[in-house]
Amino acid sequence: MTTTKPQISCEMHDYFEIICMRLSHVTVTLDDGKQHSGIAQNIVKLDNNEHLVLLENNKILNIPLNKTETLEANNNPIPKHNFKVIFN
């Protein structure tokens, strides 16, 4: 039996909205240890879960927000737009 994390908090959602508005370069680490890096594009709802639309190596990926362990905005031209958040 697999368990699914509940929907994400409003605070967590705010971080994802910010990176999408800025089209930030990000690295997302999922709860299974997989990492994805690319440009944040949008947030969409698929199968009753929200996903980050990420452009990674010219491919569009849908990353489930409720499986995200860390979010790191990195290599963006404005230094204060770079940050790392660890979600519990």
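In this predicted model, the side chain of Thr29 makes a polar contact with the side chain of Gln35, at 3.0 Å. Thr29 sits in strand β1 and is buried, with a relative accessible area of 15%. Leaving out residues up to four places away in sequence, Thr29 touches Lys34, Gln35, Lys67, Thr68, Glu69 and Thr70.

Leu71 belongs to strand β5, which runs over residues 68-73. With a relative accessibility of 0%, Leu71 counts as buried, because the limit for a buried residue is under 20%. Its neighbours within four places in sequence aside, Leu71 is in contact with a list of residues that includes Tyr15, Phe16 and Ile19, as well as Val26, Thr27 and Val28. Phe83, Lys84, Val85 and Phe87 are also in contact with Leu71.

The buried residues of α1 are Met12, His13, Phe16, Ile19 and Cys20. They cover an arc of only 125° around the axis, so they lie on the same side of α1. After α1 comes Leu23, whose phi is positive, near 50°.

The aromatic residues come next. A pair of aromatic rings is described by the distance of the centres and the angle of the planes. The count comes to three aromatic pairs. One of them, Tyr15 with Phe83, is tilted, with 5.6 Å from centre to centre and 45° between the planes. Because Tyr15 lies in helix α1 and Phe83 in strand β6, this pair ties together parts that are 68 residues apart in sequence. Tyr15 also pairs with Phe87: the ring centres are 6.3 Å apart and the planes stand at 65°, so the pair is edge-to-face. Phe87 lies in the segment after β6, so its pair with Tyr15 in helix α1 ties together parts that are 72 residues apart in sequence. At 26% relative accessibility, Tyr15 counts as partly exposed, whereas Phe87, at 10%, counts as buried. Ring pairs link Tyr15, Phe16, Phe83 and Phe87 into a cluster.

Finally, the backbone deserves a look. Most residues other than glycine have a negative phi. Asn57, a residue other than glycine, has a positive phi, near 50°. Asn57 is found in the loop between β3 and β4 (59-64), and at 70% relative accessibility it counts as exposed. Asn75 is not a glycine either, yet has a positive phi of about 60°. Asn75 lies in the loop between β5 and β6 and, at 67% relative accessibility, counts as exposed.

Note on methods:
Residues are numbered from 1 along each chain as its sequence is written. This is a predicted model: local features need pLDDT of at least 70, side-chain atom pairs count only at pLDDT 80 or more; totals for chains, interfaces and linings use all residues. Side-chain values use heavy atoms; hydrogens and water are left out. Helices (H or I, at least four residues) and strands (E, at least two) are DSSP runs, numbered from the N terminus. Buried means under 20% relative accessible area, exposed over 50%, partly exposed in between (1.4 Å probe, protein chains only). Contact means heavy atoms within 4.5 Å. The arc is that of the directions from the helix axis to the C-beta atoms. A polar contact is a pair of N or O atoms within 3.5 Å; within protein, one must be able to donate a hydrogen and the other to accept it, and residues adjacent in sequence count only if both atoms are side-chain atoms. Rings of Phe, Tyr and Trp (its six-membered ring) pair if their centres lie within 6.5 Å; planes under 30 degrees apart count as stacked, over 60 as edge-to-face and the rest as tilted.
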